[in-house]
Amino acid sequence: MIEKTLEVTNEEGLHTRPANSFVKEVKKFASEIHLAKGDVEVPGKSLLKIMKLGIVKGDVVSLRCSGSDEGDALEALAAILQPEGETP
Amino acid sequence: MASFVERLIESDTIAVGLTAADWEDAVRIGGAMMVNKGLAEKRYIDAIIENHKTIGPYFIVAPGIAMPHAKPENGVLKTGYAVVTLSTPVEFGDEENDPVDILIFAGAINREEHNQEAIPQIAELCDSEEYVEALRAAPDKAGIVAVLRRFAAALDAGELG
């Protein structure tokens, strides 16, 4: 399992549309993927559970990926949370 | 944060068992309730429809459930909601979740209320099979209100999630 903790810089936070993109990306990978905010960890493939986290710009979240393509998954998903040009 | 359920009941923007020609008609019917109650300008509803046509079904959140919304700057006047149930489901073009028979409209006055009130509370509701089934089975507005009050009480009591 690999983990990355990062600050969400996506202007929109992770509301429906970005969360949708995130979930679609998660489903491309074989790895088990989880997203955590504070003490709450949810499966990366559940749109509703991600929406429930209420992630806004500036929140610190942890991405946890476990599986054969965990490195690629971590990189691709981090890019959605921190879009190009918005990295602090 | 205020309660999605309280705001919805206060604005009285609930319609049950409607018939819609297609997804756009369903969004216009629900959207008209928000406009009539002063929650949003008509252009907010136009934005939802335009976005859907441009980028696809971005607001279908679960099987059978749509959460039509656009950005605060698209014409929201006051944070508010509307709920529409359809007697005959309509297709939104989302393979995983079509057809849709519950629409939960949201319009937030700013990003904070959108991300911290509207999204988490509606997601909580949609993530509960018990309440979703009860909403589908509700025969009238009073039935919907009763289900939502039960949901809000459970949410406040920390019984969900």
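How many residues of chain A are in contact with how many residues of chain B? Twelve residues of chain A touch 15 of chain B, where contact means that two C-beta atoms, placed from the backbone, lie within 7 Å. α1 (16-26) and α2 of chain A each supply at least two residues of that side of chain A, and α2(A) gives the most, with five residues. By class, the side of chain A that touches chain B has four nonpolar, five polar and three charged residues. Here Ala, Val, Leu, Ile, Met, Phe, Trp, Tyr, Cys and Pro count as nonpolar, Asp, Glu, Lys and Arg as charged, and the others, Gly among them, as polar.

Some conventions. This is a predicted model, in which local features need pLDDT of at least 70 and side-chain atom pairs count only at pLDDT 80 or more, while totals for chains, interfaces and linings use all residues. Residues are numbered from 1 along each chain as its sequence is written, with chains lettered from A and ligands numbered from 1 in the order in which they are written. Helices (H or I, at least four residues) and strands (E, at least two) are DSSP runs, numbered from the N terminus.

Now the sheet in chain A. Four strands form an open sheet in the order β1-β4-β2-β3, with antiparallel pairing; strands pair if DSSP finds at least two bridges between them. β1 (2-7) and β3 (40-43) of chain A stand at the edges with a single partner strand each, so one side of each has no neighbour in the sheet. Strand β2 (residues 32-37) of chain A pairs with β4(A) over six bridges, and A:Glu32 stands opposite A:Ser66 in β4(A).

Next, one residue. A:Ile55 is found in the loop between α2 (47-52) and β4 (60-66) of chain A. Is A:Ile55 buried or exposed? A:Ile55 is buried, with 27 other C-beta atoms within 10 Å; buried means 20 or more, exposed 12 or fewer, and partly exposed in between, with C-beta atoms placed from the backbone. Leaving aside residues up to four places away in sequence, A:Ile55 touches A:Val8, A:Gly13, A:Leu14, A:Lys37 and A:Val61. A:Val8 is 47 residues from A:Ile55 in sequence, and their C-alpha atoms are 8.1 Å apart.

Last, a contact within chain B. B:Val5, B:Leu8 and B:Ile9 in α1(B) meet B:Val145, B:Leu148, B:Arg149, B:Phe151 and B:Ala152 in α6(B). By class, this contact has seven nonpolar, no polar and one charged residues.
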